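Okay, let's get going. Have a look at the model on the screen, and I'll walk you through a few spots in it.

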Amino acid sequence: PGFHGGDGPVVAEALGLDPSSVLDLSVSLNPCAPDVRALALGHLDALTRYPDPERATRALAAVIGVDASRVVLTNGGSEAIAMVAAELGPGWIDEPDFSLYRHHLPAVVAGAPRWRSNPRNPTGRLATPDETAAVWDEAFYPLATGRWTRGDPGAVVVGSLTKVFACPGLRLGYVLAPDARLAERIRRRQPRWAVNGIAAALVPELLERADLPAWATAIAALRTQLIDVLHAHGLHARPSDAPFVLVDRAAALRDRLAPLGIVVRDCASFGLAGCVRIAVPGPDGLERLDRALDAVAAEEVSA
């Protein structure tokens, strides 16, 4: 397993499978997103110019409902995490949580500013209204709630358009700072032209097509169906608010599904050995997973 998930292509190469045939449920993306590939074709001329993120930044700030001076568009959510960690210094993490925080924080110290993914990755549960954090990672928040941000005063938010629009190859993330001064300090840490031209050109068009409330409702319904499919095959997912579920006591599931072209997330990097995280797929993916679990069960019986 890879450290971050999204390792479908590597698994395909190792097993001699066509990468395009792999259903990669180790990475959690919006199953209802518009076809970004088709939209990107209309912006290929951006390849001939240096990128300018200003228009995209203003468009994102407008949909969130904040001043553009507080928003920093980034080369993926991972860059947002790295820059905020460098700016704020040591932090505190309640494990299990996303492993990149620990990777980028200068130190993890009890009593330091708290980092918290919301919904928590990998358990999938939203924070309660009374929970507080210095940094909220809201990569999955729009898909869980139908809203762009929780909007806690004074907190820094890191987000991922990659997740919302299912475009990990474009690398689109952002920082929402509580004030323009902190946003500017974070912006100064960013390399020039960090966000590529096609990504920057696409953002306004993607945002015009966003329907967060409808997507969150659809994902919740698909998640219920996923949990039902897993339960029918003797697998029990924890309750989740996210576009993924965590399944305990499923250590062999990744190895069983991989030869069938389905990849799930090994959770050892979260400190959860024997658990897997499974992204909520679209209807076709759900049917394919159901068939694959039938095949796995048949194999076990014949063995």
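Let's start on the outside: Leu41, Leu44 and Leu47 make a nonpolar surface patch, with about 330 Å² of accessible area together. A patch here joins nonpolar side chains within 5 Å, from residues with over 30% relative accessible area and no salt bridge, a salt bridge being a Lys or Arg side-chain nitrogen within 4 Å of an Asp or Glu carboxyl oxygen. The areas are Shrake-Rupley values with a 1.4 Å probe.

Quick caveat: this is a predicted model, so local features need pLDDT of at least 70, side-chain atom pairs need 80 or more, and totals for chains, interfaces and linings use all residues. Numbering runs from 1 along each chain, and side-chain values use heavy atoms, without hydrogens or water.

Is Leu47 buried or exposed? Leu47 is exposed, at 62% relative accessible area; exposed means over 50%, buried under 20%, and partly exposed is in between.

Now compare Asn118, in the loop between strand S4 (114-117) and strand S5 (135-137); strands are DSSP E runs of at least two residues, helices H or I runs of at least four. Asn118 is buried, at 1%. Its side chain reaches the backbone nitrogen of Ala127 at 2.7 Å. Asn118 also has contacts (heavy atoms within 4.5 Å) with residues including Trp136, Tyr141 and Arg150.

Last stop, the largest nonpolar core: 39 residues, meaning buried Ala, Val, Leu, Ile, Met, Phe, Trp, Tyr and Cys joined through side-chain atoms within 4.5 Å. Helix H9 (197-208) is one of its suppliers, and H9 gives the most, eight residues.

Methods: Buried means under 20% relative accessible area, exposed over 50%, partly exposed in between (1.4 Å probe, protein chains only). A polar contact is a pair of N or O atoms within 3.5 Å; within protein, one must be able to donate a hydrogen and the other to accept it, and residues adjacent in sequence count only if both atoms are side-chain atoms. Patches are made of residues with over 30% relative accessible area and no salt bridge: like charges are joined within 9 Å, nonpolar side chains (Val, Leu, Ile, Met, Phe, Trp, Tyr) within 5 Å. Lists of a residue's contacts leave out its neighbours within four places in sequence.
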